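Please look over the sequence and the model before reading the notes that follow. The notes are grouped by topic.

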Amino acid sequence: MDRPLRLISSNPVDQLAHMVEALLVVASQPLSADDLAVAADDDVERVQTALGLLAERYREGRSGIVLEHVAEGWAFRAAREADEACGRLFERPVERGLSAAALETVAIVAYLGPVSRPEIARIRGVAADGVVAGLVERGLIAEAGRDGEGGAIRYRTTPLFERVFGLESLAALPRLDDLGDDPARIRARLEAVAERRGA
């Protein structure tokens, strides 16, 4: 008679790793080591050790899911080899169907944000109202205050943006000099708007 497989571990770090794994599975957004330590009622250092254990366990190529550090926290994602199958199972409007205008706009917000619609329009050379509204609806950008009292709304990227694009933080964005499409022109336009804002 077959007996069910039971995972038994007396190692405290393994037990903590199981708890951290469960917390990450039920979380709706990436969780920092501090968040996990509070939820697990444990030390941050021990949680970081448990995260290292889990990251190795779920390393790309070893499992259908991967643990990664994104949006200044930790989260599970589907392995890249399963992207097509996941796409067939779920509609993923956030990741699919971003127009060139939307990609350009979200890049401006990521590199220069918080930034207003008029500033985005000056950089792109065309009105940005519809594109900005679409990015807000998809959750990739969000309001981040106003220019002065009652001025234009400013926008910043969200943790979802970092998660969708696989960034640990905005600091992980490629440098403008590394982009193939005339980085000098892009940089000049961004810097011109930044100078006007500072004036």
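A residue is called buried when its relative accessible area is under 20%, exposed when that area is over 50%, and partly exposed in between. Glutamate 56, with a relative accessible area of 38%, is therefore partly exposed. The model is a predicted one.

**Salt bridges**

- Side chains of opposite charge can pair when their charged atoms come close.
- The count of salt bridges comes to 5.
- Glutamate 56 is in one of these pairs: its side chain meets that of arginine 59, at 2.3 Å from N to O.
- Arginine 59 is partly exposed too, because its relative accessibility is 40%, a value between the limits of 20% and 50%.
- Another salt bridge joins the side chains of aspartate 42 and arginine 46, with 2.8 Å from N to O.
- In this pair, aspartate 42 has 23% relative accessibility and is partly exposed, and arginine 46 is partly exposed at 29%.
- Glutamate 104 and arginine 124 also form a salt bridge, and their closest N and O atoms are 3.1 Å apart.

**Helices H5 and H6**

- Two packed helices are described by the angle between their axes and the distance between the axes.
- For H5 (residues 100–112) and H6 (residues 117–124), the angle is about 115° and the axes are 11 Å apart.
- The crossing of these two helices is right-handed.
- Which residues meet at this contact? From H5 they are Ala101, Glu104, Thr105, Ile108, Val109 and Leu112, and from H6 they are Ile120, Ile123 and Arg124.
- Sorted by type, the residues of this contact are 6 nonpolar, 1 polar and 2 charged.

**The buried side of H6**

- Glu119, Ile120, Ile123 and Arg124 are the buried residues of H6.
- They lie on the same side of H6, because they cover an arc of only 125° around its axis.
- An α-helix has 3.6 residues a turn, so residues three or four places apart point the same way.
- After H6 comes glycine 125, which has a positive phi near 85°.

**The buried side of H2**

- Helix H2 spans residues 33–40, and its residues Ala33, Leu36, Ala37 and Ala40 are buried.
- Their arc around the axis is only 100°, so they too are on the same side of their helix, H2.
- What do the buried residues of H2 pack against? They pack against H1, helix H3 (44–57) and strand S2 (73–78).
- Aspartate 41 follows H2, and its phi is positive, near 55°.

**Alanine 17**

- Alanine 17 is in helix H1, which covers residues 12–26.
- The relative accessibility of alanine 17 is 0%, so this residue counts as buried.
- Leaving out residues up to four places away in sequence, alanine 17 touches Ala50, Leu53 and Leu54.
- Alanine 17 and alanine 40 are 23 residues apart along the chain, and their C-alpha atoms are separated by 10.0 Å.

How values were computed: Residues are numbered from 1 along each chain as its sequence is written. This is a predicted model: local features need pLDDT of at least 70, side-chain atom pairs count only at pLDDT 80 or more; totals for chains, interfaces and linings use all residues. Side-chain values use heavy atoms; hydrogens and water are left out. Axes are lines fitted to C-alpha atoms, for helices over the stretch in contact, and angles run from 0 to 180 degrees between N-to-C directions. Helices (H or I, at least four residues) and strands (E, at least two) are DSSP runs, numbered from the N terminus. A crossing is left-handed if the near helix is turned anticlockwise from the far one by less than a right angle, and right-handed if clockwise. Contact means heavy atoms within 4.5 Å. Ala, Val, Leu, Ile, Met, Phe, Trp, Tyr, Cys and Pro count as nonpolar, Asp, Glu, Lys and Arg as charged, and the others, Gly among them, as polar. A salt bridge is a side-chain nitrogen of Lys or Arg within 4 Å of a carboxyl oxygen of Asp or Glu. Buried means under 20% relative accessible area, exposed over 50%, partly exposed in between (1.4 Å probe, protein chains only). The arc is that of the directions from the helix axis to the C-beta atoms.
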